[in-house]
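User: I would like to go through some labels used for this model and ask what each one rests on. Please set the values against the cut-offs.

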Amino acid sequence: MTQTMAPSFEGVHHIGLTVRDLGKSVEWYKKVFRGDLVNGKLPHYGREWTGFAELVVEPRSGLAIGLHHNTNNLGEEMDEAHTGLDHLSLRVEGRQGLQEWADWLDSLGIAHSGIQSVKEPFVYSTLVFRDLDNNQLEFIALDT
């Protein structure tokens, strides 16, 4: 039988980001997301000999953030103009959810865009900030 739709999945389990300074990035993600560090190092699939990851888990959603150390990392900032990850968008409930994150980031001294409202091609609001490696992260609220 031929399937006309791709199989479904249940959600996002983890994201993986290669970072320049693993220790500093682990502490930053723990602080921003009040996450817990999983004990132990995880091999980098297909490059086990050049690197490993440590996982910070956001306790409410269960999202695991894999922070990868790689011996071939040249230490350059992430640049979304190059092939690869452009940004990570995390959904929150309404403008109030965005405001709570804006207030939280302010309390941590982390620069952000402020809440930006967009009408096209659909209605949403967003709050954008960057990690220590220049990875763009955002929170998004739909229909706000």
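**Labels and their grounds**

Analyst: Asn 135 touches Leu 17, Met 78, Leu 85, Phe 129 and Arg 130, leaving aside residues up to four places away in sequence. The model is a predicted one.

User: Why is Asn 135 called buried?

Analyst: The relative accessible area of Asn 135 is 3%. Buried means under 20%, so Asn 135 is buried.

User: Where in the fold does Asn 135 sit?

Analyst: Asn 135 is in the loop between β8 (124–130) and β9 (136–142).

User: Why is Lys 41 called exposed?

Analyst: Lys 41 has a relative accessible area of 53%. The label exposed applies over 50%, so Lys 41 is exposed. Its place is in the loop between β2 (36–37) and β3 (42–43).

User: What makes the link between the side chains of Lys 41 and Glu 54 a polar contact?

Analyst: The side chains of Lys 41 and Glu 54 are joined at 3.4 Å. A polar contact requires a pair of N or O atoms within 3.5 Å, one able to donate a hydrogen and the other to accept it, so this pair is a polar contact. Lys 41 also touches Phe 52 and Ala 53.

User: How far apart are Lys 41 and Gly 51 in sequence and in space?

Analyst: Lys 41 and Gly 51 are 10 residues apart in sequence, and their C-alpha atoms are 9.7 Å apart.

User: What is the volume of the largest pocket, and which residues are closest to its centre?

Analyst: The largest pocket has a volume of about 570 Å³. Of its 22 lining residues, Thr 18, Met 78, Thr 83, Leu 85 and Asn 135 are the closest to the centre. β1 (14–18) and β5 (64–70) each supply at least two residues of this lining, and β1 gives the largest share, 4 residues.

User: How does the lining of the largest pocket divide by residue type?

Analyst: The lining of the largest pocket has 7 nonpolar, 10 polar and 5 charged residues.

User: Which residues lie nearest the centre of the second largest pocket?

Analyst: Glu 58, Arg 60, Val 92, Trp 101 and Phe 139 lie nearest the centre, out of 16 lining residues. Two or more residues come from each of α1 (22–33), β6 (87–91) and α2 (94–108). The largest share, 4 residues, comes from α2. This lining divides into 8 nonpolar, 2 polar and 6 charged residues.

Technical notes. Residues are numbered from 1 along each chain as its sequence is written. This is a predicted model: local features need pLDDT of at least 70, side-chain atom pairs count only at pLDDT 80 or more; totals for chains, interfaces and linings use all residues. Side-chain values use heavy atoms; hydrogens and water are left out. Buried means under 20% relative accessible area, exposed over 50%, partly exposed in between (1.4 Å probe, protein chains only). Contact means heavy atoms within 4.5 Å. On a 1 Å grid over the protein atoms alone, a cavity is a set of points where a 1.4 Å probe fits but cannot get out, and a pocket is an open set with protein on both sides within 12 Å along at least five of seven lines; lining residues have an atom within 4 Å of a point. Grid points are joined across faces, edges and corners, and a volume is the space filled by probe spheres set on the points. Ala, Val, Leu, Ile, Met, Phe, Trp, Tyr, Cys and Pro count as nonpolar, Asp, Glu, Lys and Arg as charged, and the others, Gly among them, as polar.
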